[in-house]
Amino acid sequence: MTNTELKARIDTLWGETKTGKIPRDNRLEAIDSLIESYFKTSGEPIKGGALVRLAALCLYEEISDAHPDKMTREEYPIMSDNQYRRKTEGRHVGRGGLTGKLRPLTREVPLSLAANIAADGREYIYPSRREVDIQEAIDMECYRYNHIDSIAN
């Protein structure tokens, strides 16, 4: 079996899965037989993108679940690449639901912003001082100098 034949068979499996023609158990058996037949004919295991596509095909129901509350309602949620990117980069901006009412924008925040927030809602980050710019330092010195002069007189 060549790589083009393997790609064509993976494409047909994807098409059948998306249309709902092949249930999960049968799909896993078809993937297993495809891997075995490729190994028997070529003598080497499947590599690269084809293996990633087969792995995604095994987890199709988990990856294609786009429910917004997926992370809290499932015990071990699996995020798709887009969901993971949205969660880590926080670039997703959405508007209200399907009711047609205009609601305020909702924005996903990246996980890095919540890195130091505990379960009690308190932020346990070490405090850090901000740097004082030159103009602010000059103003503080002038204030201190004028303040000392006013006390001395």
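Which residues are linked in a network of salt bridges? Here they are Arg24, Arg27, Glu61 and Glu62. A salt bridge is a side-chain nitrogen of Lys or Arg within 4 Å of a carboxyl oxygen of Asp or Glu, and the count by this rule comes to eight.

Before we go on, note that this is a predicted model, in which local features need pLDDT of at least 70 and side-chain atom pairs count only at pLDDT 80 or more, while totals for chains, interfaces and linings use all residues. Residues are numbered from 1 along each chain as its sequence is written, and side-chain values use heavy atoms, leaving out hydrogens and water.

| Salt bridge | Closest N and O atoms |
|---|---|
| Lys7 with Asp11 | 3.2 Å |
| Arg24 with Glu61 | 3.3 Å |
| Arg27 with Glu61 | 2.8 Å |

Arg27 sits in helix 2 and Glu61 in helix 4, 34 residues apart, so this pair links distant parts of the chain. Helices are DSSP runs (H or I, at least four residues), numbered from the N terminus. By contrast, Lys7 and Asp11 both belong to helix 1 (residues 3-19), four residues apart, about one turn of the helix.

How covered are these side chains? Buried means under 20% relative accessible area, exposed over 50%, and partly exposed in between (1.4 Å probe, protein chains only). Arg27 is buried at 1%, whereas Glu61 is partly exposed at 34% and Arg24 is partly exposed at 30%. A polar atom of the Arg27 side chain also lies 3.0 Å from the backbone oxygen of Leu57.

Notes:
A polar contact is a pair of N or O atoms within 3.5 Å; within protein, one must be able to donate a hydrogen and the other to accept it, and residues adjacent in sequence count only if both atoms are side-chain atoms. Helices (H or I, at least four residues) and strands (E, at least two) are DSSP runs, numbered from the N terminus.
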